[in-house]
Amino acid sequence: LCIAHPEQNAKCPDIVGAFRDQFGFFLGAIGWLNLLPALLAILVGAPLVARELEHGTHRLAWTQSVTRLRWLGVKLALVFCASLIATALLSLLLTWFLGPIDTLDGRIQPNSFDFEGTVMLGYVAFAMALAIAAGAVLRRAIPAMVVTLAGFLAVRLPIEFSLRQHYVAPLVTRATQLYSRLDWQLGEYWVNSLGQRVSDNQVFPTCAGPGTLKPDFFQCVQAHGWFDTVMYQPASRFWLFQGIETTIFLALAVGLLLFTLWWIRRRVN
């Protein structure tokens, strides 16, 4: 009832607030799982090739009628299959756990978006490919681990905080008009009747009292032709955004794996 018709029960804000307080700790802890793909790649992917190249044991394998392609392919198949299966199971578990929060806030919000759908598979594939490529080039496990963490964050963070919200042009609506709480709100600002942005420094000194809003604040802004506007991405774009972001990271992973294959065949003796 508090989700579908919160206006029908005056206690709904308290009920929802208590729910958020109860699960707030777990939601904060889940956020650290954003580092899981990088940690998995550091522990498994970086040493996978680097240690053999570092100690020279790859030469023994190559002299036993094992081609370089087969030597690398078997390693990649085992590691990627195990990692992606484990990631898929974890994503399903987190989707189940976050279900009640999704009902309140939606799945396209960053915290839920990062752990549901298919994007975690893309994150893990990219991190593993980056770690293996770094290990092949550097031939040292520890430097490859450092490069993996730095490279993963260098790609992951800009995509989440800058690029994702622009996959598709966001929608804009008046704040007084209805839009779903499940949508991802990107920003709120004032515009005039011509659709041009108006600074808060112009609106509030004109229509707000010192420290508090004037009783006729909204009448004042309407008289000046100013409108409170919200920019957002609708919840219906969840799977579209999942597909775009997963494709980005899988494409990066494929590119890194092809580079690793070329490097092993041409530059490693």
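Modeller: Gln242 is buried, because its relative accessibility is 0% and buried means under 20% relative accessible area, with a 1.4 Å probe and protein chains only. This is a predicted model, where local features need pLDDT of at least 70, side-chain atom pairs count only at pLDDT 80 or more, and totals for chains, interfaces and linings use all residues. Residues are numbered from 1 along each chain as its sequence is written, and side-chain values use heavy atoms, with hydrogens and water left out.

Biologist: Which helix is Gln242 found in?

Modeller: Helix H11, residues 238-267. Helices here are DSSP runs of H or I, at least four residues, numbered from the N terminus.

Biologist: And what does Gln242 touch, beyond residues up to four places away in sequence?

Modeller: Phe113, Glu116, Gly117, Thr118 and Val119, where contact means heavy atoms within 4.5 Å. Thr118 is 124 residues away from Gln242 in sequence, yet their C-alphas are 6.4 Å apart.

Biologist: Which backbone atoms are close to polar atoms of the Gln242 side chain?

Modeller: The backbone oxygen of Phe113, at 3.1 Å, and the backbone nitrogen of Val119, at 3.2 Å.

Biologist: What about Thr246, buried or exposed?

Modeller: Buried, because its relative accessibility is 9%. Thr246 is also in H11, and its side chain reaches the backbone nitrogen of Val119 at 3.5 Å.

Note on methods
Helices (H or I, at least four residues) and strands (E, at least two) are DSSP runs, numbered from the N terminus. Buried means under 20% relative accessible area, exposed over 50%, partly exposed in between (1.4 Å probe, protein chains only). A polar contact is a pair of N or O atoms within 3.5 Å; within protein, one must be able to donate a hydrogen and the other to accept it, and residues adjacent in sequence count only if both atoms are side-chain atoms.
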